[in-house]
Amino acid sequence: MKAKIAEKKTTMSRTIRADYLARVEGEGAMYIRLKGDEVREVKLKIFEPPRFFEGFLRGRSYLEAPDMTARICGICPVAYQMSSVHAMEQIAGVTVDGPIRDLRRLLYCGEWIESHALHIFMLHLPDFLGYESAIHMAPDFKAEVEMALTLKKYGNELMALVGGREIHPINVRVGGFYKAPARDEVRGFRDKLIWGMEASRKAVALVAGLEFPDFEQDYEFVAMRHPDEYPLTEGRLVSSRGLDIDLSEFENEFEEQQVEHSNALHCVHRERGNYFVGPLARYALNYDRLSPAARELAVKGGLDPVVRNPFKSIIVRAVEMFWAYEEALRIVDSYEPPEKPFVETPPRRGTGFGCSEAPRGICWHRYSIDDDGLIIDAKIVPPTSQNQRTIESDLREYVKGRTSLSDDKLQWQCEQAVRNYDPCISCATHFLKLTVDRG
Amino acid sequence: MPLRTTKPKLAVWKFSSCDGCQLSLLDCEDELLAVAGAIEIANFPEASRAVVRGPYNVSLVEGSITTPEEAERIHKIRRNSRIVVAIGACATSGGLQALRNFQDVDELSRLVYAHPEYIESLNNSTPIGDHIFVDHELRGCPVDKAHLVEVLSAFLNGRKPNLPNHAVCVECKRAGVVCVMAAHGTPCLGPVTQAGCDALCPRYNRGCFGCFGPRENPNTAHLATWYLDQCGQTPEEVIRLFRGINANADPFRRESLRHES
Ligand code: SF4
Ligand code: SF4
């Protein structure tokens, strides 16, 4: 029986497709067409409808940017808020430091924790264990699922503590915050963070024990890099192929291209084509900036300083989740409220750039504003549009050696290969659905 | 595994949106396993690959209608669902993306895309209720988690959801929050915005920007005059305030249009 199918496959062509990719944020599809063992076509289609954010930001006040751009994505609103406020502050010629800067990092740690916990346990882990969802997993892995939910919950609570609420925080403004949380409220978070660090250690041990397909690619990793910190909101843009630029130079090096099969623009390096953003890139380019405890945990999790197997991103995410808990603890333990929760940023004509490390990769913004502070022009490059082409190339390479698998298996594994990237399609259109065509 | 399940079926559907409202469901960390125990999550692509066929007892619909395909798809969901609940500002008013309703979509498309001809989009972003009968609307950008749980338990138990319909202002008064408008002259949509957030923004010393949408019979004209006379706002600023996350909600839309010269 098996032999017969295999024989058929060398002569026939087939399609593997997922018309609506599950466990990703937003609406996308995957389409793969095979002729025998040859991969003829791979498309990651994004049919998430466009919402034209860059268009309608024109004419709005620079002060509205954080509230408006947050609505691009319910999973990583803080990334949009942080990239936009930094751009506006650059225009105003203001640098935000001290406790306000710390609070921003604390808020962002909350988003990393929430998003990573969600992706590790609810979106990615079910693939490795062969379940349709975390909810299906719960009866067999009750303790793990409960731990995951608490890990996630504390991330959300951190966001609510600093931002007022977890989704679309209301407390972020250009220059800082509307109101600084009280000292006791923040310091009182300590025990939860210590629990989170311990639980993250368990999470690393758990995911490090999974089976990983033998699949490594020679990516160009792109991430931010800061002189002394693991990157969140500030730094230069660097790559594993020697790129080292200021945020303002992004467009000299990268360009967005529109393709017919996707509502999301593909961002590529002008000369070298596709590249990779997100946890693997951040980790490879900033290994030396991780805390000693996080590095030690990475070693325990079996990770080298550079990881080229995208399926292992689940371990890197767990290490980053640990780091975020640890960093949050550092901030919480030394927190004293700022005298004033924000720095004044009077409107001033100019162009500014902001970039931050969203949980799924760099989120780059450019704004120009006029003398009255009205936005003249806006450009936003979300992480998933940067990874789209790399996801397609991963799919092509992954399917190559595995054409003898059944359609169902191949489809599921391809979906998993897409989910390696924690793609956020809502972001990418400002992006996922799956199809394998053997026909 | 039993072949047939008698648990009520819940489906979650996405239209044009940021995913934030459906994420709110996954953010109910304390209730999630209990909810999953009481009902069958029959369609929720963001959380699960499993798809169970309808009909569904309750469909939660996130997002607004912005493409011809969406305008078609929503009818299928209505036909397959006993109860349809529109969740969030996108689904109940058209959301922030309804700012397109005040502009030329072809032009917007040209601003964002090099080949606007690849993009299929309607001129207006419209709420679910403009297309089908909706049993209940849950406001907010995003919806409140507790409201989501209340609505689910109400419909599953055959009762009406118990949710506030007064103004954000009332929540401030009840909580003893200092009025940002009276104290600091900060323009605030609180008097005309439906409660539900527990006066979140005023608690943080900022004006409400209407993410829960207009309350019943809001006196927007009176409030706009106050902004102009007492808060020193320009008509353009008044337009921007009403033309935000719920720009297409009727009272807010009309008020913003009134100030266009
Ligand atoms: S209402 Fe707000 S939070 Fe909900 S989907 Fe729309 S933009 Fe996102
Ligand atoms: S105060 Fe207004 S803008 Fe703020 S959360 Fe409440 S309804 Fe939304």
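Biologist: How do the residues of the shell around ligand 1 divide into nonpolar, polar and charged?

Modeller: This is a predicted model. The shell around ligand 1 has 8 nonpolar, 7 polar and 2 charged residues.

Biologist: Which residues are the closest to ligand 1?

Modeller: B:Gly20, B:Gly88, B:Cys90, B:Cys141 and B:Pro142 are the closest of the 17 residues that surround it. Ligand 1 itself lies between chains A and B.

Biologist: Which helices supply at least two residues of that shell?

Modeller: In chain B, helix 1 (20–26) and helix 4 (88–93) each do. Helix 4 of chain B gives the largest share, with 3 residues.

Biologist: And ligand 2, where does it lie?

Modeller: Ligand 2 also lies between chains A and B. Among the residues that surround ligand 2 are A:Ile170 from chain A and, from chain B, the cysteines B:Cys197, B:Cys201, B:Cys208 and B:Cys211. B:Phe209 and B:Phe212 are in the shell too.

Biologist: How many charged residues in that one?

Modeller: The shell around ligand 2 has no charged residues; it divides into 10 nonpolar and 2 polar.

Biologist: Now the chains. How many residues does the contact take from chain A and from chain B?

Modeller: Chain A puts in 47 residues, and chain B puts in 47 residues. On the side of chain A that touches chain B, the elements giving two or more residues are helix 2 (53–57), helix 3 (65–70), helix 5, helix 6 (134–137) and helix 7 (142–163) of chain A. Helix 7 of chain A has the largest share of that side, 5 residues.

Biologist: What is the makeup of that side, in nonpolar, polar and charged residues?

Modeller: The side of chain A that touches chain B has 18 nonpolar, 14 polar and 15 charged residues.

Biologist: Different topic. What does UniProt list as "binding site"?

Modeller: The UniProt record, an unreviewed entry, lists A:Cys73, A:Cys76 and A:Cys424 under that name. They are spread over 352 residues of sequence but cluster in space, with a largest C-alpha distance of 8.9 Å.

Biologist: Is A:Cys73 buried or exposed, and why?

Modeller: A:Cys73 is buried because 31 other C-beta atoms lie within 10 Å, and the cut-off for buried is 20 or more. It sits in the loop between helix 3 and helix 4 (77–92) of chain A.

Biologist: And where is A:Cys424?

Modeller: A:Cys424 is in the loop between helix 15 (407–419) and helix 16 (425–428) of chain A. A:Cys424 is buried as well, since 34 other C-beta atoms lie within 10 Å.

Biologist: What about the largest nonpolar core: which residues touch the most other members?

Modeller: The core has 210 residues, and those touching the most other members are A:Ile113, A:Leu158, A:Ala318, A:Val319, A:Phe322, A:Cys414 and B:Val61. Helix 5 (residues 98–129) of chain A gives the most to this core, 14 residues.

Biologist: Take A:Val319. What is it in contact with, leaving aside neighbours within four places in sequence?

Modeller: A:Val319 is in contact with A:Val204, A:Ala294, A:Leu297, A:Ala298 and A:Gly301.

Biologist: Last one, chain B. How many helices and strands are there in it?

Modeller: Chain B has 12 helices and 5 strands. Its radius of gyration is 20 Å, close to the 18 Å that the globule rule gives for 261 residues, so chain B is as compact as a globular protein of that length. The C-alpha trace of chain B spans about 65 × 50 × 25 Å along its principal axes, and buried residues make up 54% of the chain.

Conventions
Residues numbered from 1 in each chain as written. Chains lettered and ligands numbered in written order. Predicted model: local features only at pLDDT ≥ 70, side-chain atom pairs only at ≥ 80, totals over all residues. Near = placed C-beta within 6 Å. Helix = DSSP H or I, 4+ residues; strand = E, 2+ residues; numbered from the N terminus. Nonpolar A, V, L, I, M, F, W, Y, C, P; charged D, E, K, R; others polar. Core = buried A, V, L, I, M, F, W, Y, C linked by C-beta atoms within 7 Å. Buried ≥ 20, exposed ≤ 12 C-beta atoms within 10 Å, placed from the backbone. Contact = placed C-beta atoms within 7 Å. UniProt positions renumbered as here; feature names shortened; annotations may be inferred. Rg over C-alpha atoms; globule rule 2.2 N^0.38 Å.
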